Amino acid sequence: MALFDPTRHYPLVEIDWDDNKVQQAITAIATETIIQLQRQPSLSGHPMDDHEFGTDLYFGKVGVLWTIHYLQTVGAIDSTFDVATHLAATLEQNRQDYSHHSPYPQQSSYLFGELPLLLLQYKLSPGDDKANQIAESIHKNDSQPVRELMWGMAGSMLAAYFMHQWTQAPRWQEIFKAQTALLLREWQPIKGAGYLWTIDLYGSQRKYLGPVHGFASNLVPLLVGRSLLSDEEFAEIAAKAMATVVQTAVTDNNGANWPAVYQAAHSTNLKLVQYCHGAAGMVTALATLPQGMNEECDRILEQGGELTWRAGPLKKGSNLCHGTGGNGYAFLKLFIRTGNQLWLDRARAFAMHAIEQYRLSQKTYGQLRYPLWTGDLGLAVYLWDCLQAQAQFPTVDVF
């Protein structure tokens with residue numbers, strides 16, 4: 001039984017790890033992006049993408065602005081580019097675009113809507129008015145049906161968590177816990193599969209598993225925001241999550257993968273190994289589950305890493321959501337989880353390969369692929385984490 005589709009992957013190009021080359025790539029990606037931002041307010045879409053460059057976090061301008069600010073803040077680049085001057089106009093355009101073109105105009109979206117713009121504005125210039133706008137935006141999801149990270153409640157819970165981290169104000173914990181209660185109310189036992197959500201998305205109801213739309217996506221804020229939960233609440237969540245990890249995995253002797261959608265009769269129909277669907281994303285999202293509580297879960301998460309390594313770099317590019325950089329985060333997460341140097345070495349091997357992918361793409365198309373989640377800006381953050389031997393998935397683990 002094949003656990004993945006090899007036609008979606010390349011053989012790994014083995015290039016020795018080189019700190020200087022990695023830093024040079026980070027600087028080159030950021031510098032080229034800043035130059036383009038200084039020339040025109042909107043960046044160009046990429047021929048490999050089937051959409052225009054927008055204003056959002058996922059494949060739009062706020063993702064680019066967030067990345068530049070993040071790389072400046074952590075010291076990854078030396079730049080005085082003023083992100084703040086771009087935010088007001090971007091927010092206005094995002095609100096207009098979202099209200100007219102979103103499939104969920106009444107829903108608060110973390111990856112496509114105003115929330116990350118408001119968060120970045122607040123982070124750069126805190127104030128009560130902006131905090132109230134963030135709270136109002138988060139509360140839209142109290143009455144809306146979508147339960148996942150891209151469009152729905154898992155994303156707004158992340159926003160509440162980050163606001164609590166910055167302010168320590170009780171209101172943000174209260175908001176986080178209220179949405180946690182709504183989310184957990186719909187987490188149902190499924191015979192043979194542990195506990196899953198049925199995700200109401202794009203006109204159908206499916207039991208997605210991955211960290212953008214499914215089971216893992218709803219676990220993300222609960223794991224990232226565990227400090228806002230009681231020990232008893234978190235222990236129960238973790239136990240159910242680990243049971244689900246084990247029961248939905250499809251394994252062979254040394255690998256594990258997960259289907260994009262759980263279907264009891266077709267659970268062995270496996271193709272994808274990337275962040276948004278498949279082993280790489282499941283491991284990245286869930287590697288902070290407690291160790292030692294469920295030894296089979298511990299083993300299967302590492303098997304997911306082995307499968308990601310066996311599959312190799314992705315043909316879709318160097319990016320996070322469905323590219324080589326995103327898959328490499330599974331190795332970084334396992335390095336932090338286990339302390340095993342093997343996983344860091346594998347992450348860095350993917351990093352060197354991804355640098356070659358981004359350079360070849362730039363040479364072929366004459367431009368960068370700009371977005372954070374689907375382009376070269378995400379690679380720059382991944383490269384920084386490889387340099388620092390850390391695993392901070394952008395806008396999920398850190399904002």
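Here are a few friendly notes on this predicted model, one topic per point.

1. Ground rules. The model is predicted, so local features need pLDDT of at least 70 and side-chain atom pairs count only at pLDDT 80 or more, while totals for chains, interfaces and linings use all residues. Residues are numbered from 1 along each chain as its sequence is written, and side-chain values use heavy atoms, with hydrogens and water left out.

2. A helix pair to look at. Helix H2 (residues 61-74) and helix H14 (residues 376-388) have axes that come within 10 Å and cross at roughly 20°. Helices here are DSSP runs (H or I, at least four residues; strands are E, at least two), numbered from the N terminus. Axes are lines fitted to C-alpha atoms, for helices over the stretch in contact, and angles run from 0 to 180 degrees between N-to-C directions. H2 and H14 are therefore roughly parallel to each other (angles under 35 degrees count as roughly parallel, over 145 as roughly antiparallel, 65 to 115 as roughly perpendicular and the rest as oblique).

3. Who makes that contact. From H2 come Trp 66, Thr 67, Ile 68, Tyr 70, Leu 71 and Val 74, and from H14 come Leu 377, Ala 380, Val 381, Trp 384 and Asp 385; contact means heavy atoms within 4.5 Å. These residues divide into nine nonpolar, one polar and one charged (Ala, Val, Leu, Ile, Met, Phe, Trp, Tyr, Cys and Pro count as nonpolar, Asp, Glu, Lys and Arg as charged, and the others, Gly among them, as polar).

4. Asp 376, also in H14. Asp 376 is placed in helix H14 and counts as buried at 4% relative accessibility (buried means under 20% relative accessible area, exposed over 50%, partly exposed in between, with a 1.4 Å probe and protein chains only). Leaving aside residues up to four places away in sequence, Asp 376 touches Ile 29, Ser 318, Tyr 358, Leu 368, Arg 369 and Pro 371.

5. Asp 298, another buried aspartate. Asp 298 sits in helix H11 (residues 295-311) and is buried, at 14% relative accessibility. Its side chain reaches the backbone nitrogen of Gly 292 at 3.1 Å. Not counting residues up to four places away in sequence, Asp 298 touches Pro 290, Gln 291, Gly 292 and Arg 337.

6. Two phi values to check. Most residues other than glycine have a negative phi. Gln 168, in the loop between helix H6 (153-167) and helix H7 (170-185), has a positive phi near 60°. Ala 389, in the segment after H14, has a positive phi near 55°, and Ala 389 is partly exposed, with a relative accessible area of 24%.

Terms used: A polar contact is a pair of N or O atoms within 3.5 Å; within protein, one must be able to donate a hydrogen and the other to accept it, and residues adjacent in sequence count only if both atoms are side-chain atoms.
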